[in-house]
Amino acid sequence: MDAEHNYIDVNKKTWNEKVEIHVDSEFYNMKEFLAGETSLNEIELNLLGDVRGKKILHLQCHFGQDTISLARMGAEVTGVDLSDKAIAKGQEVAEQLGVDVRFICSDVYQLPEVLKEQFDIVYTSYGVIGWLPDMNKWGEVVAKFVKPGGKFVFVEFHPLIWMYDYDFTKIEYSYFNVEAIIETESGTYADTSSESEFNTVNWNHSIADVVQGIVNNQLQIATFEEHNYSPYPCFNHVVEIAPKKYQIAPFGDKAPLVYAIVAKQGL
């Protein structure tokens, strides 16, 4: 079977291999996190609002830093990820901190088969949808889990940046989801010095593709934002313009790097 049709296994293997590298990296700053520092950023905190007492589903949670951060803020949180090693690490960290969090290992599309609940907030962020081929199916899954009166909070890197080569010197990829992008990458955004190589299967998604995936499934968009910075230095040629705010030097402040959507059930 080719990589595109076997994308779940290919990507699961890659994310399993990345877990320990990421946990040990400066990027994820586990020392400060374990000492009480939140992993959440200003963009998503503003959109999430007061989460005390809220029931939250966190999709594609990696090893659970945001999941645990939300629980520390008083929410009842379920974190979901494809990687069984990431889920095991999240459980380990939550137990170490004495934080009550539920973790589930599942592919996003298969989650309705194993979870039969609804939530006040469904949340997912940063580098998540590129691993999924079908935004309408994604929107259908999200909508299943947002209870009436609840909301979906989504923060993602802007599709503009995925059009460029890794050095941001030329447009190399289509803005549109025309085909699977099958690559072998060296290192990882959390540790560029790592000599490890990872096979990946990704898809680019236009904003229209994402928006239609949401509205086709009866979620109503209440907020749409674009930001000319990233809260993470996870690209080449970044410059820090303020604490936890980075821009790509060739773009300066002239290009969006992140966008965010809040969609509501029963607006």
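Let's start with helix H4, which is mostly covered: seven of its eight residues are buried. Buried means under 20% relative accessible area, exposed means over 50%, and partly exposed lies in between, with a 1.4 Å probe and protein chains only. The buried residues of H4 are Gln 65, Asp 66, Thr 67, Ile 68, Ser 69, Leu 70 and Ala 71. Just after H4, Gly 74 takes a positive phi of about 105 degrees. A word on names: helices (H or I, at least four residues) and strands (E, at least two) are DSSP runs, numbered from the N terminus.

Before going on, two notes on the source. This is a predicted model, where local features need pLDDT of at least 70, side-chain atom pairs count only at pLDDT 80 or more, and totals for chains, interfaces and linings use all residues. Residues are numbered from 1 along each chain as its sequence is written, and side-chain values use heavy atoms, leaving out hydrogens and water.

Now the core. How many residues has the largest nonpolar core? It has 45. Such a core is a set of buried Ala, Val, Leu, Ile, Met, Phe, Trp, Tyr and Cys residues joined through side-chain atoms within 4.5 Å. Those with the most contacts inside it are Ile 43, Ile 56, Ile 68, Leu 70, Tyr 123, Phe 157 and Ile 161. Elements that each supply at least two residues include helix H4 (65-72), helix H5 (84-97) and strand E5 (146-157). The largest share, four residues, comes from H5. Apart from this core lies another, of 34 residues, among them Ile 104, Val 108, Leu 115 and Val 210.

Next, a helix pair. H6 (residues 135-145) and H7 (residues 207-215) pack at an angle of about 40 degrees, with their axes 7 Å apart. Axes are lines fitted to C-alpha atoms, for helices over the stretch in contact, and angles run from 0 to 180 degrees between N-to-C directions. That makes H6 oblique to H7. Angles under 35 degrees count as roughly parallel, over 145 as roughly antiparallel, 65 to 115 as roughly perpendicular, and the rest as oblique.

Last stop: Ile 182, in strand E6 (residues 181-186). Is Ile 182 partly exposed or buried? Ile 182 counts as partly exposed because its relative accessibility is 48%. Leaving aside neighbours within four places in sequence, Ile 182 is in contact (heavy atoms within 4.5 Å) with Ala 3, Glu 4, Thr 200 and Val 201.
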